[in-house]
Amino acid sequence: MTTPSAAELGTTLPVNSGSAHSKLAAVLAPIQAGRGGEIAPSKLAQPSALPVTLLGIGTAVPAYKLMQSDAAAVSHAMFADRYPEYERMHAVFTSSGIVSRYAVKPIEWYQQPRNWAERTAAYLEGATALFAAAAARALDDAGLKPTEIDAIVTVSSTGIATPSLEARYLDALGLGRQTRRVPVFGLGCGGGVAGLSIAADLARAAPGRTVLLVAVEVCTLSFRLDTLTKSNIVATALFGDGAAACVIRADGRATTGPSANGSMPGLGAVPRSTGSARHRGLAITVTGEHTWPNTLDLMGWNVDPDGFGVVFARAIPPFARTNVGPAVSGILARGGLEIGDIGRFVCHPGGARVVDALEQTIGLEAGSLDHERSILAEYGNMSAPTVLFVLERVLAEATPSRAAMIAMGPGFTASCAVLEALA
């Protein structure tokens with residue numbers, strides 16, 4: 001399945017004292033009295049027993065393709081004379097496992113100093129186009145019209161947009177005026193899995209609600225000419241731009257088949273997915289996260305007057321190798337599952353060493369995460385959307401009986417979501 005480019009397409013009150021508890025009780029007393037006492041458990045909101053099913057998935061990348069060899073040459077020209085450590089770091093361009101990436105701007109744009117205003121303008125232009133492209137394809141894959149979407153979860157950490165991205169494309173996508181908007185910032189590379197979990201919770205809370213998840217990241221805007229650090233060089237070698245979207249619902253209804261969302265205002269035709277029928281019986285079941293203490297400095301952003309500056313700790317691959325497996329086992333155990341119950345792991349390929357570490361921590365044979373390596377080679381690390389690119393490719397090949405999605409992000413947090421084929 002070929003991902004179209006945007007050019008082709010045009011988110012208990014703690015009771016710490018007796019007084020606090022007394023105040024809360026005083027507030028609730030008249031309410032409970034008016035309702036005849038305490039609320040019976042049967043009257044409280046109950047989780048939906050219906051499966052939260054994946055109805056459609058779509059991906060998109062921007063117009064400008066960056067070959068890794070060209071990016072390496074430009075990086076050398078920009079940094080080698082100014083950064084003594086550069087020659088030793090330059091090898092990351094070949095060891096990353098990346099052959100090509102996509103960017104919202106041509107490579108020449110990144111060779112000039114840029115400020116917050118310029119980066120934000122580029123983010124708004126690029127991210128909104130990617131948002132609409134991925135969303136349109138996911139809707140087409142699900143066989144749904146934009147007006148059938150009840151809620152949108154937008155995951156993005158590489159720029160700031162207020163109003164947020166989905167608000168900027170309500171008209172272009174033809175979304176309803178009553179659509180609930182849930183923009184989420186700060187999840188970073190973990191946002192694809194964490195965002196899907198949030199969307200599933202929204203769907204599960206209101207059976208019949210159709211939820212659209214869109215993860216869009218414009219990571220290349222964090223390239224910094226003024227930042228002579230190892231993290232910046234690594235980011236320059238890894239990051240690409242892209243977006244991915246999923247449509248989910250909890251009511252057991254089947255979709256009506258491919259729709260006519262191929263042409264939308266300001267966009268070209270959206271190629272119809274050939275694999276949509278494969279995932280209509282796939283349910284999102286167990287979800288969870290694990291955040292480790294004292295790990296805030298492993299991954300994230302530094303913010304300064306010129307934009308975001310990436311924080312990458314060299315300790316991420318060894319940390320993942322030691323800690324992610326036990327964390328995932330704990331999440332699965334809460335759903336009554338073990339590592340051995342998972343037929344296919346779908347992981348965020350943050351880099352070649354990270355993919356190796358994930359295979360080792362989960363106990364997989366070397367080379368098992370083949371689609372992860374292919375997506376990394378073709379698109380680079382696009383942050384949150386990347387794991388959904390992997391999921392799309394896995395599903396295009398075959399629907400696993402049970403799959404577990406894993407991604408790590410700032411916090412430092414591992415997110416996991418289990419997908420199971422319905423009987």
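**Helix pairs and cavities in a predicted model**

I'll start with α10 and α11: these helices are roughly parallel to each other, a label that covers angles under 35 degrees, while over 145 is roughly antiparallel, 65 to 115 roughly perpendicular and the rest oblique. This is a predicted model, in which local features need pLDDT of at least 70, side-chain atom pairs count only at pLDDT 80 or more, and totals for chains, interfaces and linings use all residues. Residues are numbered from 1 along each chain as its sequence is written, and side-chain values use heavy atoms, with hydrogens and water left out.

Back to the pair. Helix α10 spans residues 316-334 and helix α11 residues 352-362; their axes come within 8 Å and cross at roughly 30°. Axes are lines fitted to C-alpha atoms, for helices over the stretch in contact, and angles run from 0 to 180 degrees between N-to-C directions. Helices are DSSP runs of H or I with at least four residues, numbered from the N terminus. The crossing of α10 and α11 is right-handed, meaning that the near helix is turned clockwise from the far one by less than a right angle. On the α10 side, the residues that meet α11 include Ile316, Pro317, Pro318 and Val324; on the α11 side they include Arg353, Val354 and Leu358. Contact here means heavy atoms within 4.5 Å. By class, this contact of α10 with α11 has nine nonpolar, three polar and two charged residues. Ala, Val, Leu, Ile, Met, Phe, Trp, Tyr, Cys and Pro count as nonpolar, Asp, Glu, Lys and Arg as charged, and the others, Gly among them, as polar.

Next pair. α12 (residues 370-379) and α13 (residues 386-397) pack at about 125°, with axes 9 Å apart, and are therefore oblique to each other. Their crossing is right-handed. Among the residues in contact are His371, Ile375 and Tyr379 of α12, and Phe389, Val390 and Arg393 of α13. The classes there are five nonpolar, three polar and four charged.

Now the cavities. A cavity is a set of points, on a 1 Å grid over the protein atoms alone, where a 1.4 Å probe fits but cannot get out; lining residues have an atom within 4 Å of a point. Of its 14 lining residues, Val74, Met78, Tyr110, Phe223 and Thr236 are the closest to the centre. α2 gives the most to this lining, with four residues.

The second largest cavity is about 70 Å³ in volume. Helix α5 (residues 116-142) gives the most to its lining, with four residues.

Notes
Helices (H or I, at least four residues) and strands (E, at least two) are DSSP runs, numbered from the N terminus. On a 1 Å grid over the protein atoms alone, a cavity is a set of points where a 1.4 Å probe fits but cannot get out, and a pocket is an open set with protein on both sides within 12 Å along at least five of seven lines; lining residues have an atom within 4 Å of a point. Grid points are joined across faces, edges and corners, and a volume is the space filled by probe spheres set on the points.
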